[in-house]
Every structure is written in structure tokens, then in C-alpha cells.
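Please read them with the structure open.

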Amino acid sequence: MTLFYDPRLLASTRRGFLGAAAGGLAAAAMVRPARAQAVATKAKIVILGAGAGGTGLANTLAGRLDGAEITIVDGRKQHLYQPGFTLIASGLKPASYSVSPTGDWLPKQVKWVEEYAANIDPEAQTVTTTGGTKLAYDYLVLAPGLTLNWDAVEGFDLGMVGKDGIGAVYAGPDHAAATWTAMDAFTDKGGVALFGRPATEMKCAGAPLKYTFITDDYLRRKGTRDRSQIIYAANNKALFSVPVVNEKLKLLFRDKAVDVRWDHVLKGIDVATKTATYVIPATQTIKDGAIVDTPAREEKIGFDFINVIPPMTAPKVVRESGLSWADKWVGEGWIEVDQSNLRHLRYPNIFGVGDINGVPKGKTAASVKWHIPVVVDHLVASIQGKEGTEVFNGYTSCPMITKIGRAMLIEFDYKDNLVPSFPGVIAPLEELWISWLMKETALKPTYNAMLRGKA
Ligand SMILES: Cc1cc2nc3c(=O)[nH]c(=O)nc-3n(C[C@H](O)[C@H](O)[C@H](O)COP(=O)(O)OP(=O)(O)OC[C@H]3O[C@@H](n4cnc5c(N)ncnc54)[C@H](O)[C@@H]3O)c2cc1C
């Protein structure tokens, strides 16, 4: 499997890479598989969500099918390039960097219903929109991303972001820009900064760590690190799910004097007292041969800056559809798909692309890039009365920024194998300038090529 980044981006020299990437040519350099002849069909295909996955899929399907009735449902008028939020919240890009009109990305052959899906009936094969329109389908692709459950963080309100040391990088481009205002003010003076992640599955699990590193870097650059304390609240006993990466991150946090609190999940904040409350789950340990039960408890930590990241679940319409796993990720609602072809296990005419999939890894745009050809292969084969052959190996990637100008380009699969796009050239666990450029410069044209169905 070719990976997220095209080795041709590097050209033969670093200079060649830079020229291509900086000129926005990275997208043009993406590998294009030879186009199969379009398949004639009258199939009705409904796609829910016009984000990274839905848009890339709509463009790819439009090129593979001739005569299909493809409808995409999404009430959001703006497409959001979410990997840009971290750069916006770091003062490196304006909020506009991540925003473009949804309609600009959609192919002419695809009908865009500018409403949200309110109901999915997999037995009747219909989707009903918030405006009451009922759409019948032969195939349904779910790509509605995930829901950020801000209300689950007690005492927090999105209106607080940007003031009183409160940040929320995930909340959108404007909130990411407001987070930069708060982080910039905090790093001028120093103090206690709190970071962490929710206990649910989440998109881009590296982003909370990146923002911790970036804040540390600003404190050092401004000369305020020695009067500051950085605390990272890990939701369990690891910083990252891939063991070798976890060990590397623990070393980096130790070197940078980041104070890690294991098994700490943010419950709420009190803005008046600038205090965050964490829940530490109940534990059972064995001491001197006897089982010792320690009940769940709460801990309060004062802060001068906090990056709030809420629990994440599948959108309500999916959680209520009967398409979620019943015995995995209970309460989170990720859909029950075969992890190798992303096809629903009970409804074979339903597929998932992107964050909505109930698979062990990879709520990233990098995974989306490889969800799309796999789903297209199996969906088009099904239209032809055949079985698809493409397999998704769980590929995902995380450009782990460790300071401004340095990153580790970490790519891995379901089995926690490191699968570098540039073996022998970019070492995944080294903090490199070239890996920083992958995030800062090359990722967006790569993402845009994916949206256009050209990746
Ligand atoms: C701060 C941050 C940093 C990130 N950094 C990276 C990174 O460095 N690298 C990387 O690969 N990934 C990164 N990601 C993750 C990446 O952006 C997502 O994994 C990716 O966008 C998922 O694509 P998707 O299509 O599943 O969902 P999205 O792109 O979120 O799109 C979902 C779409 O569905 C729509 N929708 C929602 N509900 C409904 C409904 N009921 N009916 C119809 N439509 C609906 C929404 O309006 C939206 O347009 C980052 C994300 C964040 C937040």
C-alpha cells in the first residue's frame, strides 16, 4: 500500500521537495492510479457528510460511475481543514487558512442537499433530512465525522474560549484563533498549563500532545518556562497507543519536564477559581497477595491556561440508527464495519468512511485517504455483482510537532507496525525539520488532492 505522503514529494533533493511543496505542487505530484473505465449504473447512492471523507468519496465515485444518482447530505456550508487548527492555535496561520466553501469541492454530477440527516432507516433504505426530505438509497456511505460533546465538560462554554486562559483547539478555526490569543498571553507570563485528552475515542489523538509541546516551546522562547508548570493529564497509563511511540513521547516529556498525571480525565472547570476537576477511575491492585480496591476519586488542579478537549461520540443520527457496535465502544456509537473493507457487517449496502468507523485505529485525514479507495472498490464491485479486493490495513499518520520547526512523522497500522512513507529518508521517531514541513506545508495540498479524488 502506498502511504499518505507521496515519496515523489521529496523529489531527489530536499530543495526539490521544497520547491514542489511551497509552490503548491505537492498535490499535482500525488500518485494517480490508472483510471478504470466508468461503470454504467442507475444506482442511487447517498453519502452523509461532505467533510474530508464524504467529499473525497463523492469525487472519486463520480469518476468511477456513469449514470449513478449520487446525493451528498450536509448542512455545513463551510469545509473545514481540521489539521490546520493546531497551526492556527499556534499563531502560525490565520483562521481563514482552514475554511473554504463546501460547494467548491463537490463535483457537478453530485446533488448536494444542504441539510443534515435526521434519521437513517437501514431496513427501508432511506435517509430523512432535518427538512423532512426522504432520500431512498441502494447504497449508503456514512461519513458524518464525529460529535464534540462540549456540554459534557462541566462549567465550560465555548463562549469562554480566548479569555481567562481558556483554549479549545478542536472547536473550529475561530476558536483555535481565540486559543492562540489565550496561549500567547499565558506564555508571556508563565504559570500552570493543563493539557490532556478525553477517555473516548478521538480524532487525531496526537493533537493534544502536539499542543503541549508547542506551548512548552513558546514558554522557552519567551523565557518564562522556568516559572511555569506543564501538566499533561493522560486518560489511562499511556501517552500514545503505539508502544514504541509511547516510550519516545515519555522520554521527550521527561526531558522537557512535562508533569504527566496518569488516569486523569477532565470532568469540568471552574472559571471563577481557575480550577479543573479530574476524575481518577477506581482501580484494583494486588498487594501482599490480597486484592486492594481503590474507589474512583476526584482531584482539583488550578490553572493559568487549559486546552479543553471534550469526549467524542458518533453523531446522534448514527447512534440512533441501529448501525453502531452493540458490544464495543458502548455509548460512543461508532459503526459496526469490517475493519479491512469498511463495509457494514449487518447491512452490506452500507459503508463507512472516516472518523465514524468502529475500527481499532485511525480517526485521521490520513486514514480517510485510504478508506476512500477501499470503499470505492467494494461499492463499485457490488454494483457489478462482484466482490471487491482492496484491503485497508489500518494506516494512519500523526505529524507529531515537538517544537516550532521540528516534528516526528509517525505512521502506523492496525498492528502498531511503523510504516514510514519515506523509509531510509525520514526516521519516524526523530525530531526533524523535514517532518515539520510535511505538517506545515505539504499536508494541506495532499489533503486537497484527496478531496478532489486525485489522491
Ligand atoms: C485539531 C485537529 C487536528 C488534526 N490534525 C490532523 C493531522 O495532523 N493529520 C490528520 O490526518 N488528521 C488530523 N485531524 C483529523 C481529521 O481532520 C479528521 O480525522 C478528518 O477530518 C475526518 O474526516 P471525516 O470525513 O470523517 O469527518 P469531517 O471531516 O469532520 O467531516 C464530517 C462532515 O459531516 C457533516 N455532518 C455531521 N453530522 C451530519 C449529519 N447528521 N448529516 C449530514 N452531515 C453531517 C459535518 O458537517 C462535516 O462536514 C485533526 C483534527 C483536529 C480537530
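1. How many residues surround the ligand, and which are the closest? In this predicted model, the ligand is surrounded by 36 residues, and the closest are Gly-49, Gly-51, Gly-53, Gly-145 and Gly-354.

2. The shell around the ligand is made up of 21 nonpolar, ten polar and five charged residues. Helix H2 (52-64), H3, H8 and strand E25 (396-403) each contribute at least two residues to this shell.

3. Two domains are assigned: domain 1 (32-146 + 314-394) and domain 2 (150-312). Their C-alpha centres are 31 Å apart. Each of the two domains supplies at least three residues of the shell around the ligand.

4. Where the domains touch, 17 residues of domain 1 are in contact with 22 residues of domain 2. On the domain 1 side, helix H3 (residues 85-88) gives the most, with three residues. That side of domain 1 has nine nonpolar, five polar and three charged residues.

5. The largest nonpolar core has 128 residues, of which Ile-47, Leu-57, Val-141 and Val-375 touch the most other members. Helix H8 (residues 365-383) provides the largest share of this core, ten residues. The core lies between domain 1 and domain 2, because both give residues to it.

6. Apart from neighbours within four places in sequence, Ile-47 is in contact with Gly-54, Leu-57, Ala-58, Ile-70, Ile-72, Val-141 and Ala-143.

Note on methods
Residues are numbered from 1 along each chain as its sequence is written. This is a predicted model: local features need pLDDT of at least 70, side-chain atom pairs count only at pLDDT 80 or more; totals for chains, interfaces and linings use all residues. Domain bounds come from an automatic or database domain assignment. Two residues are in contact if their C-beta atoms, placed from the backbone, lie within 7 Å. Helices (H or I, at least four residues) and strands (E, at least two) are DSSP runs, numbered from the N terminus. Ala, Val, Leu, Ile, Met, Phe, Trp, Tyr, Cys and Pro count as nonpolar, Asp, Glu, Lys and Arg as charged, and the others, Gly among them, as polar. A nonpolar core is a set of buried Ala, Val, Leu, Ile, Met, Phe, Trp, Tyr and Cys residues joined through C-beta atoms within 7 Å. A residue is buried if 20 or more other C-beta atoms lie within 10 Å of its own, exposed if 12 or fewer, and partly exposed in between; C-beta atoms are placed from the backbone. A residue is near a molecule or strand if its C-beta atom, placed from the backbone, lies within 6 Å of it.
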